[in-house]
Amino acid sequence: MIRLFVGLGNPGTEYEATRHNAGFWWVDALASQWGARLAPDRAYQGLVVRVARPPVGDGPVWLLEPMTYMNRSGVSVAGLARFFKIAPEEILVVHDELDLLPGQVKLKQGGSAAGHNGLKDILAMLGAPDFWRLRLGIGHPGVKAEVPNYVLKKPSAEHREAIAKASEQSLKAVEAMLAGQMDRALQIVHAQPPRPKPPRKEPPPDPTGDA
């Protein structure tokens, strides 16, 4: 089961609405659903809330937003995980993903950091790649050199809405995550909206029929 939900981003009002903070948006939405309030905790260098009675599962779970800036996220995550004896496979890290379009979302376990500085530091500090990642698509500027500036800018209203819808879809998988049903969580996150049925074709008129 997932015992620690981590959203990645940068602290400060100047970064609140930027693409790099998509992980913060997701954890904020989950906290709102649960009626929980994140609060500063110096011990773990982040905004933290302990949810004693989650909707599903036996024990408490934690929500965390590191306040260490993106490239030092692992300090916060590893500090809390080690103190509460939370294994890497019991951690979900939610982050922005350049390789997915706005509106796309993917759930996976393990793997490399793929150039994401927050994941890179978490990998280094945990010493294991086995944590789960929820990848919220933000799109790519098209040129690698423009990435640092792109992730620290606000998405368009259309893209922000698409990211919000992807978050809403993935939040439906939280109860499965709490129950340890990660296969079910994968199905929920990756579910495709049903395709609209094609319009019914009327048969052509019979040329031999009576007028």
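Guide: Let's begin with a strand pairing: E97 has G137 as its bridge partner in β7. Strands here are DSSP E runs of at least two residues and helices are H or I runs of at least four, numbered from the N terminus. This is a predicted model, where local features need pLDDT of at least 70, side-chain atom pairs count only at pLDDT 80 or more, and totals for chains, interfaces and linings use all residues. Residues are numbered from 1 along each chain as its sequence is written, and side-chain values use heavy atoms, with hydrogens and water left out.

Visitor: OK. How many bridges join β5 to β7?
Guide: Six, and the two strands run parallel. Two strands count as paired if DSSP finds at least two bridges between them.

Visitor: Which way does β6 pair with β7?
Guide: Antiparallel, over five bridges, with β6 covering residues 105-109.

Visitor: Why is β7 said to be largely enclosed?
Guide: Because six of its six residues are buried. Buried means under 20% relative accessible area, exposed means over 50%, and partly exposed is in between, using a 1.4 Å probe and protein chains only. W132, L134 and L136 point one way from the strand, while R133, R135 and G137 point the other way.

Visitor: Switching topic: how many salt bridges are there?
Guide: Four. The rule asks for a side-chain nitrogen of Lys or Arg within 4 Å of a carboxyl oxygen of Asp or Glu. Side chains of opposite charge can pair when their charged atoms come close.

Visitor: What does E97 form a salt bridge with?
Guide: R135, with the closest N and O atoms 3.1 Å apart. The pair links distant parts of the chain, E97 in β5 and R135 in β7, 38 residues apart. E97 is buried, at 10% relative accessible area.

Visitor: And which residue does D121 meet in a salt bridge?
Guide: R72, at 2.9 Å from N to O. D121 lies in helix α3 (residues 117-126), and R72 is in the loop between β4 and α2, 49 residues away. D121 is buried at 9%, whereas R72 is partly exposed at 39%.

Visitor: Is R3 buried or exposed?
Guide: Buried, at 17% relative accessibility. R3 sits in the segment before β1 and its side chain meets that of E90 in a salt bridge of 3.2 Å, N to O.

Visitor: What else is R3 in contact with?
Guide: Leaving aside neighbours within four places in sequence, its contacts (heavy atoms within 4.5 Å) include V61, W62, F84, K85 and I86.
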